[in-house]
Amino acid sequence: MGHSAAVWDCKAAFEVTKDWNGIDQIVLRNPQGASARVSLHGGQVTSWRNKQGEELLFTSNKAVFKLPKATRGGIPICFPQFGNCGSLELQGFARNKMWIVEDNPPPLPPNDSQRKSFVDLLLKSSEEDLKCWPHCFEFRLRVSLATDGNLTLISRIRNINGKPFSFSFAYHTYLLVSDISEVRIEGLETLDYLDNLSQRERFTEQGDAITFESEVDRVYLSSPNVVAVLDH
Ligand SMILES: O=P(O)(O)OC[C@H]1O[C@@H](O)[C@H](O)[C@@H](O)[C@@H]1O
């Protein structure tokens, strides 16, 4: 797969395989041995491995890998609703749909493809979707794996019929950690959050990094672009 030292052939680093339900998944690889796997079920990244082959994403061993159920793990795409803040099913319907690979998507800035292996996926609103959410959209997702092993997701949502609509959206990333009692999260200090374990009551985080002694289920407001998860 694309191991030439002189020329990095991103097409050679793109492989389509089937998961155990027969659903197409795309495997991206970089020359150093890092990889990522993206399922057409939900446009969901289901694996991201560093060059040592260590998995970085968690998937529950109770995960259901069958349409129309969402898979509990990897990076589910929540759209057009995040969580339960709306009338749609939890996290919206995009993660339960079949996406397609798009060969010629509208261009992105050139540095979003240089020296990266990537795949472009597309989800269009179906008749069924329009019954529960009456807005025509195209959702484009680019997943790319850089030569340094970094994984990037770029989402573009297009309103097709011009009537304004609003939506919420999230990458519901499940990170694999070695020991939750050792994990610290930095970057959310002093922010307000809604606590899902207290009927979404609003609290303010204290000045320390976040650690875990029991279940935590919170939505932080106005979170910064960079949040660090320190594991080991
Ligand atoms: O639907 P999933 O992937 O199992 O995720 C459910 C979780 O999603 C989170 O966004 C909610 O804060 C949790 O309350 C909920 O349990």
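A polar contact is a pair of N or O atoms within 3.5 Å. Keep that cut-off at hand for the first stop. The model is predicted.

**Stop 1: the ligand**

Select the ligand. Around the ligand sit Arg72, Leu90, Gln91, Arg95, His172, Tyr174, Asn196 and Asp217. Sorted by class, this shell holds two nonpolar, three polar and three charged residues.

Now pick out the side chain of Asn196. One of its N or O atoms is 2.9 Å from an oxygen atom of the ligand. Move to Tyr174. Here a side-chain N or O atom lies 2.6 Å from a ligand oxygen. Then go to Arg72, where the distance between a side-chain N or O atom and an oxygen of the ligand is 2.3 Å. Show the ligand surface next. Taken alone, the ligand exposes 400 Å², and the protein buries 72% of that.

**Stop 2: a surface patch**

Select Phe167, Phe169 and Tyr171. These residues form a nonpolar patch on the surface. Together they have about 250 Å² of accessible area. Centre on Phe167, in the loop between β9 (151-159) and β10 (170-171). Is Phe167 buried, exposed or partly exposed? Its relative accessible area is 39%, so Phe167 is partly exposed.

**Stop 3: Glu54**

Select Glu54. Look for the loop between β4 (44-49) and β5 (77-78); Glu54 lies there. Glu54 counts as partly exposed because its relative accessibility is 45%.

Glu54 and Arg200 are 146 residues apart along the chain. Draw a line between their C-alpha atoms: the separation is 35 Å.

Technical notes. Residues numbered from 1 in each chain as written. Predicted model: local features only at pLDDT ≥ 70, side-chain atom pairs only at ≥ 80, totals over all residues. Heavy atoms only, no water. Near = heavy atom within 4 Å. Polar contact = N/O pair within 3.5 Å; in protein donor to acceptor, adjacent residues only side chain to side chain. Areas by Shrake-Rupley, 256 points an atom, 1.4 Å probe, with all protein chains shown as cover. Nonpolar A, V, L, I, M, F, W, Y, C, P; charged D, E, K, R; others polar. Patch = residues over 30% accessible without salt bridge, like charges linked within 9 Å, V, L, I, M, F, W, Y side chains within 5 Å. Salt bridge = Lys/Arg side-chain N within 4 Å of Asp/Glu carboxyl O. Helix = DSSP H or I, 4+ residues; strand = E, 2+ residues; numbered from the N terminus. Buried < 20%, exposed > 50% of the residue type's maximum accessible area, 1.4 Å probe, protein only.
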